[in-house]
Amino acid sequence: MASSLLSFGSASPLTLLDPLKVNPRVGGSNQATFLGKNFIKTKKSFTRTSMAVAVEVSKFNELTMAPPDPILGVSEAFRADTHEMKLNLGVGAYRTEDLQPYVLDVVKKAENLMLERGENKEYLPIEGLAAFNKATAELLFGVESSVLQQQRVATVQGLSGTGSLRLAAELIERYFPGAKVLISAPTWGNHKNIFNDAGVPWSEYRYYDPKTVGLDFDGMISDIKAAPAGSFVLLHGCAHNPTGIDPTPEQWEVIADVIQEKNHIPFFDVAYQGFASGSLDEDASSVRLFADRGMELLVAQSYSKNLGLYSERIGAINVVCSSSEVAQRVKSQLKRIARPMYSNPPIHGARIVANVVGSPDLFNEWKEEMALMAGRIKSVRQKLYDSITSKEKTSKDWSFILKQIGMFSFTGLNKAQSENMTSKWHVYMTKDGRISLAGLSAAKCDYLADAIIDSYHNVS
Amino acid sequence: MHGGNDSHSSPSPSPSPADRRINALVRHLQGSPLDAADPCLAAAPTSAAQISVFDHVVRAPEDPILGVTVAYNKDPSPVKLNLGVGAYRTEEGKPLVLNVVRKAEQMLVNDRSRVKEYLPIVGLADFNKLSAKLILGADSPAIQDNRVTTVQCLSGTGSLRVGAEFLARHYHQHTIYIPQPTWGNHVKIFGLAGLAVKTYRYYDPATRGLNFRGLLEDLGSAPSGAIVLLHACAHNPTGVDPTAQEWEQIRQLMRLKALLPFFDSAYQGFASGNLDADAQSIRMFVRDGGECLVAQSYAKNMGLYGERVGALSMVCRSADVASRVESQLKLVIRPMYSNPPIHGASIVATILKDRAMFQEWEVELKAMADRIISMRKQLFDALRSRGTPGDWSHIIKQIGMFTFTGLNSTQVAFMTKEYHIYLTSDGRISMAGLSSRTVPHLADAIHAAVTKAA
């Protein structure tokens, strides 16, 4: 992300036409000199006003066109493609087997309930909807968790994952000036933008091993150990984005050990709770492991994927502190960051979540729908694997497709191979080799298998 | 500034990492008062963080405006009155969801084809186009020339913040002039975005009106190109607006000095009851072909407070500049919240694009504005009939949701303590929180405060 600070050359002095002296209906000369100089121009619209004003060059004339977002730009390109076999495996939004967007039944029910009740639209408190904050913390840590019993968690509703990460990043910048955030190589593309804009320095720890298409665990541990004490370590709670590669439970224990040794602070990004394995509790086990050790930690949550609430922007930042008194102070400072950013968060998504989690019937329905979504993804993984291995004659190990978890898979295809996927096969994906399984249907697995095999073998 | 890995100074002083660790060590050796009192520390004996890493985080004070409601909620008195936050209340003292909003919501929920996919970074396209038309006028040449870029943001606050962040990165002048007084959150928004904040004279306590000469002097002595925050109508907190002639003089001066206008439009239609009338100040500036920014909020005029719906428009010299500006606005938004919330924007778009619903909205909006105007009249009459000393005509001259009573903080505290009336310490009352039933109580309180308290 590069928005460099552009400074203008000296603003040209402007010549103002004295409104009392100039007859605006008189057409003027049309000389135009190039940038940075005055020019006087008349246009029909000006002559209609009772006042002429010297036209100057735009104050923003030096501005460059920013590049399109690398992830969101993929969907734009897909939409423009007219090929009948085109496949969008770019953005991580869940699709049904018919490749349609999916609004959960339980969400529709909640929205109908909300409308029937005729609730008002008053401002939420800065920290968000209390019922939502309670529900989201319980969902994450478990109702019985000691961190909740002891009221040691500061929970503030945020604008989905991004907004929650941003609140935390701003908190880090203010209260831990100079502290670094360690992010995995690779990680979600927007992470570095968030820390850059918040003014928080970051560096990478090894994560993805292209040789195994798996986790470079030794590299990860070594880099976390090497970082200055008191660094923040950004961890994906489950379903790592973009690789789909998660540490095993044993590996999580070692990660926690190292973080404790170095007095680092764990910072979890949990965007797929329930979506990865199909079980809410299982997907929260990494976070709970750390919390149960009595560690202080930060956790950003998103309900975009697991409740399909993408555009409602609903999430939360949780800060687990060593005491409830500290948690209260931290919460007050998170509020102080939110107020000059957007004042208070949007109600609609928060109410949906609170209603779903708060009603035993809806909650159970949600778990079923989530199991279906996660199940469909697991089944296309299996189908893709089966398809590739039945066609592919070499001894290459494709089992990473089955071992990886969640919406995304790192195929191991390089940039040129990924580009071939798009240019030859009309399969849209990001250049890092990431595909979104959520955008794959069982019916298209064979076609995708052909595309992958071709790109892998015939392009370098 | 933001961007890159430079650390920039934080608004509040923080100890260095070394200081922090030394402090933690000292506390650890001395024994923190927390240890004895807090059972949870004993419960986590293996915790590496017996002294919290967040221990140096101090408690932030309650937000002054929202804190009024917190205090009000705690008060058990049956006659208590909340005139703090600017949220509209009915004659019965209840929050109001407009009928046309309910209708739009029902349509949205019933529409089976609707999905919840991510909006583009700049938000809902229809909403953006319709919002620009609403504020600039459907026939605006700036819109026809494609010189306007509009991005959906989180109500007024979000629009102001995104605009300010953009200016801090891409505009050569990093000072913004805000009126004295102004909404309390303005200075924080601009400060955090990286702009230096200065003030220009605005309110004249002697007349309880506009200090026009002071305003012209201060803007006249601002450096060329400086950014100037202007309340489009219904100035918050004073309710004092320039006249049309005064606006024209402000416009001339600002164009002479190449000052960049940044309008905050939070009350379009709510101030006078007429949407076009309340947009005249902005349209005057846009008509002359110059550039400006406009932050729009639908919190009050559509009663969509908690949905956080608003828009930032930038009127540029050319379509090419507008398109480049839009691309850079996206870079501000993506690392802040990625893309905006769909619900409120969909409600607004539904209403604005349907002629019948638009007219229904205008009727409901006018009713809200009229009720406030009638509260002003009733309060003014009540004070006159009590013979309360002083000139209270500003109550009916000021416009919009708020009245700057002119009461000082001692008098305010008195009213809260003795009469259970909650308002901000600057003497600002929200007329929207009054009803015919409660006006007498308020008039009594003001009368007492003026005659008894300093």
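The following conversation concerns a predicted model and the contacts between its chains A and B.

Colleague: What should I know before reading the numbers?
Modeller: This is a predicted model, in which local features need pLDDT of at least 70 and side-chain atom pairs count only at pLDDT 80 or more, while totals for chains, interfaces and linings use all residues. Residues are numbered from 1 along each chain, chains are lettered from A, and side-chain values use heavy atoms, without hydrogens and water.

Colleague: How many residues of chain A are in contact with chain B?
Modeller: In chain A, 112 residues are in contact with 116 residues of chain B, where contact means heavy atoms within 4.5 Å.

Colleague: And what area is buried between them?
Modeller: About 9,800 Å² is buried, with carbon and sulfur atoms giving 57%. Buried area is the accessible area (1.4 Å probe) that two parts lose on being put together, summed over both. In chain A, the residues that lose the most area to chain B are A:Phe60, A:Lys121 and A:Tyr123, together 8% of what that side buries.

Colleague: How many salt bridges cross the interface?
Modeller: The rule finds 11 between chain A and chain B; each is a side-chain nitrogen of Lys or Arg within 4 Å of a carboxyl oxygen of Asp or Glu. One of them joins B:Asp55 to A:Arg329, with the closest N and O atoms 3.4 Å apart.

Colleague: Which elements of chain A touch chain B?
Modeller: Those that give two or more residues include helix H3 (105–117), strand S10 (315–320) and helix H12 (324–342). H12(A) gives the most, with 14 residues. Helices (H or I, at least four residues) and strands (E, at least two) are DSSP runs, numbered from the N terminus.
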